[in-house]
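Hi,

Here is the structure I said I would pass on. Have a look at it first, and then read my notes below.

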Amino acid sequence: MADQFLVLIVLFPLFVGLLIPIIAYFNKSVVWPLAILSLIGSFWAVFNTATQLLKLDPSSSISYYLGNWMAPFGIEYVVDRFNIMVLFAIICVSLLTTIFAKQVIEKELGDNAANFYSLFLLFITGLLGITITGDAFNLYVLLEIASLTSYGLIALGRGRALVATFNYLIMGSMGACFYLLGVGYLFIKTGTLNMDQLYDVLPLLFDSKAVLVGFVFIILGMWVKMAFFPLHSWLPNAYSLAPTAAACLMAPLMTKVSVYVMIRFMLNVFSTEYVYSVLTINNIIVIMSSIAIIAGSIYALSQKNLKKMLTFIIVAEIGYMVGGVWTGHVDGIRGAIYHITADAFMTLCLFMAVGCIVYRVGNDKLESLKGIFKKMPITMICFLVGGFSVIGIPPTCGFFSKWYLISGAFNSGAWYFIIALIISSLINAVLFFRIIEIGFFGAMSNEKPDYKSLQSIKFNEVPINMWLPLVIVSMILIILGIYTNEIMTNFILNIVPMM
Amino acid sequence: MILNIISILFFTAILYFSSSPLVFYLLNGLSICLILLGLFFFLGTSIGVIRFPDFYTRMHAAGKGDTLSSILILFGIALFVLNTGTLSIGLVLVCIKILLIINFIFIGSPTATHAIMDAGYGTEVKHWTNDSEGIKKKK
Amino acid sequence: MIWQFDILLLTLVVVCGFVSLWIKDLMGAVIVFGAYSFLMCLVWTGMGAVDVAFTEAAVGAGVSTIFFIATVFHTSRTIRYNKWDLSTKFFSSIICILMGFFLMVAIGDFPAWGDALSPVNNNVAKYYLENSMEETKVPNVVTSVLADYRAFDTMFETGVVFVASLVIFTLLLQSDGRKKLMKSAFQKVSFLNVSESLIIRKACGLMVPFMQLFALYVVVHGHYSPGGGFQGGVILGASLILLSMAYDIKKVFARFHMKFMIKSLAVGVLIFAGIGLICLILGGNFLDYSALSKLFPSMGSIKSRYNAMLWVEVGVALTVMSGMFAIYTSLSSNGKFEEGL
Amino acid sequence: MTIVSNLPIYAMLVSFLTIFPIIIFGKNQNVREVFTFIAAFTKLYILFNLAKFVLDGNVVVCKLIQVLSFISIDFKVDGFGMLLAIVASSLWIVTSLYSIGYMRSLKEHAQTRYFCCFALALSATMGVAFSANLLTMYLFYELLSLSTYPLVTHNQDQDARTGGRKYLTYLLGTSIGLVLPAMIITYNLTGTLSFNEMGIFGNSIQIGTLTILLIMYLFGFAKAGLLPFHSWLPGAMVAPTPVSSLLHAVAVVKVGVFCIVRILTQIFGINLLSSTHLGTIVCVIAGLTVLVSSLVAISQDNLKRLLAFSTIGQLGYIVLAAGVASKLSVTGSMLHISMHAFGKITLFFCAGAIYVATGKKYISQMVGIGRRMPFTMVAFFIGSLSIIGLPLAGGFLSKWYMVLGTLDVGKSWVMVIYLISSFLNVAYFFPIIYKAFFCTDNESLFPNEIKEAPLAALLPPLVTASITVALFIFPDIFLNLAKIVVGVN
């Protein structure tokens with residue numbers, strides 16, 4: 001078993017995801033524990049892979065050949081210090097979300113809960129597979145799995161979720177299509193789909209137009225998938241109308257995994273030389289991402305709905321990462337990579353907290369948050385930690401990623417990116433303190449403080465399996481921040497080649 | 001269907017027992033003739049579909065002509081396949097597959113035509129009479 | 001490849017594409033789209049990709065057309081335009097043209113068609129062509145690549161079918177409030193009152209067993225000829241769809257119930273993944289079929305690959321069959337599983 | 001000599017850990033307050049232990065955690081930090097006492113939250129005081145802003161909301177918008193963020209960049225209330241008086257100027273400031289702040305607002321003195337942090353005591369108040385002496401050093417600013433005192449009987465007033481601490 005951990009990471013949620021529709025006919029109550037068990041199994045596999053990997057030389061990786069066919073002929077799973085981090089983030093996020101989601105799913109979905117869990121686990125399978133695979137086409141297949149399940153998960157939401165899903169479906173399919181076209185072009189020029197081999201072969205083809213088109217289409221496809229600003233239109237509605245559990249899982253992961261794929265292709269398939277030296281489009285993209293950041297923040301500011309506001313924050317955060325990578329400076333790339341993990345947890349924290357609020361309050365309008373601090377102190381404190389992380393207040397992890405991003409931008413002379421980052425931090429501060437204000441002050445109909453209405457608010461926290469994961473996530477945010485140095489030296493420093 | 005199988009067995013037997021070029025040319029000519037005939041009926045079908053005045057007559061043309069012409073062409077092709085090169089079990093297999101297709105078309109196409117006609121009748125599509133101009137559908 | 005013929009086909013494909021976009025009657029668009037699929041099928045055949053053509057014919061032209069019709073039947077037949085539509089169309093067509101142009105730019109950089117020296121023919125594909133027979137004893141390289149070399153992809157593609165069916169099934173089970181919303185958003189099509197016909201039923205009764213037999217043949221014969229689990233599964237599904245169209249869904253459900261269908265959907269993928277898991281338990285890598293020879297010592301590692309591929313195809317066929325049928329029944333009866341089309 | 005010790009961390013943790021017993025015993029007021037006092041005294045005890053080391057000329061360092069490869073959360077206790085820490089924590093005791101009197105007599109709501117945030121704010125202040133590099137300082141600076149927000153908006157009414165909004169907008173806005181980029185740019189230019197006596201900028205960096213950075217830092221630490229980022233301070237006066245007194249006379253604003261002085265002396269370095277025009281820029285900005293705020297203060301009728309503007313002026317002094325960049329003036333500037341703290345807290349306590357006893361907020365309503373609350377007003381008088389900088393109160397000493405410092409480097413125009421503003425200080429304080437004591441019976445708004453505030457609210461101003469006087473006579477501890485840092489004998 002020892003060398004099978006790589007594939008076990010994916011297999012646990014896959015098998016349970018497939019079994020759930022069958023099991024649900026016999027006994028519906030075991031579905032939730034089973035889902036958690038599978039994710040724990042997957043976590044165990046990730047953990048073991050990580051311990052194996054950390055014993056090795058920092059730049060080395062562990063490969064797994066599916067079907068025992070050697071790399072370019074069969075499909076290869078590769079774990080190196082880059083994706084082990086992302087894997088950890090994915091598995092932690094999904095485990096915590098699953099623990100969190102029990103009541104929410106029962107409340108929102110009723111009879112469909114079992115099928116929902118099945119889709120839920122297959123979505124996680126898809127994301128884990130995307131992250132771990134070393135094969136460009138296998139990535140596409142898993143991307144399809146993840147996308148399809150996410151359409152289903154979102155469409156199960158309330159109200160106009162179907163329309164939102166339809167928009168997402170159109171955009172998402174376009175993104176996947178672009179990716180496939182790009183990979184196809186690369187295949188025509190190289191005859192291989194294996195990322196390592198592509199990396200070896202491509203330097204000979206740097207002046208080829210087909211490779212350029214392939215690159216552009218892969219990046220474009222991923223931009224659609226990650227909702228990079230002009231292509232973001234599907235995201236806000238989709239994530240804000242999705243069932244809470246689905247939003248908690250998707251919002252942190254889907255976009256971040258797309259960013260991971262983008263960075264993976266930039267660093268480990270096309271090489272930094274191609275991306276930063278042969279192509280000279282750095283500045284344009286950094287400007288675009290600056291616009292994305294500012295636009296996302298401004299949109300977020302104009303929202304009256306809590307979830308919608310968070311979704312626009314995601315759009316802005318995507319701008320951070322894209323911009324960071326394309327600054328072309330080591331610090332920027334490191335910051336972006338660090339931000340993938342950090343942002344996954346931040347978003348999870350915020351969405352979970354909002355999930356709790358919606359669970360108790362019943363809607364997610366900003367006005368309905370009055371006096372929420374007294375009612376749900378634990379939730380709100382965790383929400384604040386998440387908010388502080390988004391704003392970038394130390395020692396939460398958001399601060400450190402911002403540090404690296406700004407540092408990278410400064411060194412590459414992209415002052416507009418610094419300005420965009422700062423403006424977005426400020427807007428985020430406004431956003432979250434607006435919520436604090438509403439939650440802190442309670443009903444204020446007249447000039448005088450209405451202490452009676454404040455007193456009448458009862459302590460009404462969500463059940464323990466909902467707030468406990470939330471507390472854990474908010475602690476992870478701080479722990480990640482404090483151990484930034486360890487993460488940087490042990491993982492990220494080895495990924496980013498010196499330029 | 002039985003007719004089909006008997007005929008193909010018959011041609012196979014001819015091919016198997018005679019190695020003369022005459023049979024070869026005869027069968028080839030037969031297959032060409034069948035295909036041409038099929039094409040001719042196809043032409044007729046097409047003209048019928050365009051020129052007939054209403055839904056029912058067009059379906060009539062399409063149903064009958066199409067079925068016949070496809071069967072003729074496929075039969076011709078089956079003979080042609082049978083007639084290429086030396087006879088082998090593989091070729092016969094292909095032939096049998098084509099014959100199966102013929103059977104399917106023979107059953108399927110008229111039934112489909114019937115189903116469409118039936119649907120048209122069910123939704124009260126008006127049929128053509130001498131005094132009606134063009135086709136009017138009832139809404 | 002006759003280039004005149006090719007150009008004719010491609011022109012027709014493009015024309016079909018445009019027409020299906022232009023046409024306002026959705027049913028018409030669906031039919032044109034079906035024609036488009038058939039043309040594509042011819043193009044694939046011309047390129048020598050018979051397997052792809054087969055799939056395209058079965059899925060693209062056949063089953064998906066039925067899905068479209070079922071959907072149109074329960075939603076709306078005409079498109080309602082709003083005033084922004086023209087500008088949206090304008091912009092999206094500009095974007096499309098730009099994308100197309102961009103894609104075309106690189107074409108000059110491609111190797112010539114059928115170039116023996118092109119990278120595609122000299123790298124992985126070459127290996128498959130040269131070694132597939134030796135390593136798997138499967139003459140149809142497409143099958144050996146799909147079911148063995150890249151079986152992991154295929155497993156997840158089967159998973160895609162599973163997910164798609166499950167999503168559609170689950171979505172249509174949702175509450176009535178949603179259906180009201182859909183009805184208000186679309187114009188309802190006038191209900192076709194088709195009389196029950198003896199002829200159709202009898203004809204279908206005649207054809208279905210042969211169809212299913214043929215489907216099984218396609219599944220099993222995938223090792224030697226174009227075909228395999230996907231195509232066979234689609235044909236199996238189509239036979240069920242045909243039955244449920246000739247009679248109604250309940251008739252088919254008597255034999256093949258929805259609950260059973262969802263189970264068999266999962267079981268199909270589980271067969272595939274399970275075989276992989278058995279390999280893993282037997283000490284090989286996941287999906288390393290040669291490990292199965294430990295279980296059946298009489299088969300060598302190559303023979304066990306050959307046999308495992310067959311079972312894998314059966315799993316795929318099972319999932320695809322129930323998937324197709326589940327999607328059809330969900331769509332055509334709007335999630336109620338009563339009458340169907 | 002450098003001593004490695006965990007004492008600074010303990011000093012910080014003491015008040016942080018108090019939060020938990022405070023929350024647990026939230027229902028039982030007396031027990032809760034006991035914990036506050038225990039923590040306050042323990043903290044002071046730890047600090048005095050630390051102070052022994054520091055006064056011997058040592059620097060106590062300890063490292064909490066390495067957050068980035070080049071920066072860690074580091075603590076370094078030198079004289080200056082020690083000075084701020086002692087001021088803040090000794091006043092915590094007094095303020096806690098005062099808080100109890102004030103909060104209980106007004107029957108305020110949410111007292112548990114109040115005391116929690118108070119303790120947290122103290123921890124943050126310690127953190128800033130002991131920080132060894134910019135990042136650590138920034139971290140605790142932000143923590144302080146956040147932990148004081150619930151205190152500022154304690155009343156939870158419309159005014160509190162407006163004030164709180166202004167408070168956070170200014171403090172967070174400037175720190176994120178200016179300090180954060182400035183910090184990162186500084187790191188990228190120099191490769192370090194650790195404080196260093198000689199400054200960390202070498203000669204290679206362009207003066208233009210430095211000017212921009214300097215301005216970013218000056219305005220970025222908006223807690224220092226330099227014009228035009230001062231208006232949060234009067235706005236934040238909606239808070240309960242103990243909060244205003246501790247946080248807006250001591251912790252928050254002092255942390256602001258502390259940060260600026262730290263950056264001026266240990267990031268830029270005195271040499272750099274005096275040898276280039278950077279010092280002049282500081283002087284101009286701070287000088288303007290001093291003059292304008294003093295002028296504004298004269299026209300105020302609300303006593304707490306007046307004190308707030310007075311605070312802005314006094315903070316300007318401190319920055320101004322640091323900008324003059326002579327050793328003496330920097331000593332004066334550090335000393336003034338403590339002197340002003342004791343003086344100003346006395347004034348705030350008095351204002352609060354008046355409010356508790358009579359409910360009066362406006363100066364025009366306080367004619368003759370000296371007859372009713374003589375002890376309070378005497379304390380007020382002493383406090384104002386200290387602020388103005390007249391002898392018999394500690395403020396005189398610090399101002400003396402500052403003025404000496406200006407003469408030292410020949411920036412006599414700065415001395416003019418000091419003098420003018422001192423006159424202005426007299427102009428806004430003495431009328432109050434005059435009207436309180438020396439009005440005719442007709443003018444007086446109060447009956448001629450002594451009725452002071454409750455003891456818990458009366459005692460603290462008297463204590464701090466006496467400390468203010470005592471500091472004039474025995475300024476050794478603060479003076480020595482300041483001298484040790486600057487290196488004056």
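**What turned up**

In chain B, 75% of the contacts with a separation of 6 or more are between residues 24 or more positions apart. Before you go further, please keep in mind that this is a predicted model.

**Chain B**

Let me stay with chain B for a moment. It has 4 helices and 0 strands, so its pattern along the sequence reads α-α-α-α. Of its 139 residues, 35% are buried. The accessible surface of chain B is about 8800 Å², and carbon and sulfur atoms account for 75% of that.

Is Phe106(B) buried or exposed? Its relative accessibility is 55%, so Phe106(B) counts as exposed, the cut-off being over 50%. What does Phe106(B) touch, leaving aside its neighbours within four places in sequence? The answer is Thr67(B) and Ile71(B). Ile71(B) is 35 residues away from Phe106(B) along the chain, yet their C-alpha atoms are separated by 7.4 Å.

**How the chains meet**

There are 3 pairs of chains in contact, and chains A and C share the most contacts among them. Chain B does not touch chain A: the nearest C-alpha atoms of the two are 31 Å apart. Chain B has no contact with chain D either, and there the closest C-alpha atoms lie 66 Å apart.

**A helix pair in chain A**

Now turn to helix H4 (residues 113-132) and helix H5 (residues 136-155) of chain A. Their axes are 8 Å apart and the packing angle is about 150°. Because of that angle, H4(A) is roughly antiparallel to H5(A), as angles over 145 degrees count that way. The crossing of H4(A) and H5(A) is left-handed.

On the H4(A) side, the residues that meet H5(A) include Phe116(A), Phe120(A), Phe123(A), Gly126(A) and Ile130(A). Among those in H5(A) that meet H4(A) are Leu139(A), Leu142(A), Ala146(A), Thr149(A) and Leu153(A). By class, this contact has 13 nonpolar and 6 polar residues, with no charged ones.

**A helix pair in chain D**

Chain D has a pair to look at too: helix H3 (residues 79-106) and helix H9 (residues 241-275), whose axes come within 9 Å and cross at roughly 170°. That makes H3(D) roughly antiparallel to H9(D). H3(D) contributes, among others, Phe80(D), Leu84(D), Trp92(D), Tyr98(D) and Tyr102(D) to the contact, while the H9(D) residues include Pro242(D), Leu246(D), Lys254(D), Phe258(D) and Arg262(D). How many charged residues does the contact of H3(D) with H9(D) have? There are 2, alongside 14 nonpolar and 5 polar residues.

**A covered helix in chain C**

Last stop: helix H7 (residues 141-149) of chain C, which is mostly covered, with 7 of its 9 residues buried. The buried ones are Val141(C), Thr143(C), Ser144(C), Val145(C), Ala147(C), Asp148(C) and Tyr149(C). What do the buried residues of H7(C) pack against? Within chain C, they pack against helix H6 (124-136), helix H8 (151-172) and helix H14 (301-332). Strand S2 (75-79) of chain A is also one of their partners.

Cheers

Note on methods. Residues are numbered from 1 along each chain as its sequence is written. Chains are lettered from A and ligands numbered from 1 in the order in which they are written. This is a predicted model: local features need pLDDT of at least 70, side-chain atom pairs count only at pLDDT 80 or more; totals for chains, interfaces and linings use all residues. Side-chain values use heavy atoms; hydrogens and water are left out. Helices (H or I, at least four residues) and strands (E, at least two) are DSSP runs, numbered from the N terminus. Buried means under 20% relative accessible area, exposed over 50%, partly exposed in between (1.4 Å probe, protein chains only). Contact means heavy atoms within 4.5 Å. Accessible areas come from the Shrake-Rupley method with a 1.4 Å probe; for residues, only the protein chains shown count as cover. Axes are lines fitted to C-alpha atoms, for helices over the stretch in contact, and angles run from 0 to 180 degrees between N-to-C directions. Angles under 35 degrees count as roughly parallel, over 145 as roughly antiparallel, 65 to 115 as roughly perpendicular and the rest as oblique. A crossing is left-handed if the near helix is turned anticlockwise from the far one by less than a right angle, and right-handed if clockwise. Ala, Val, Leu, Ile, Met, Phe, Trp, Tyr, Cys and Pro count as nonpolar, Asp, Glu, Lys and Arg as charged, and the others, Gly among them, as polar.
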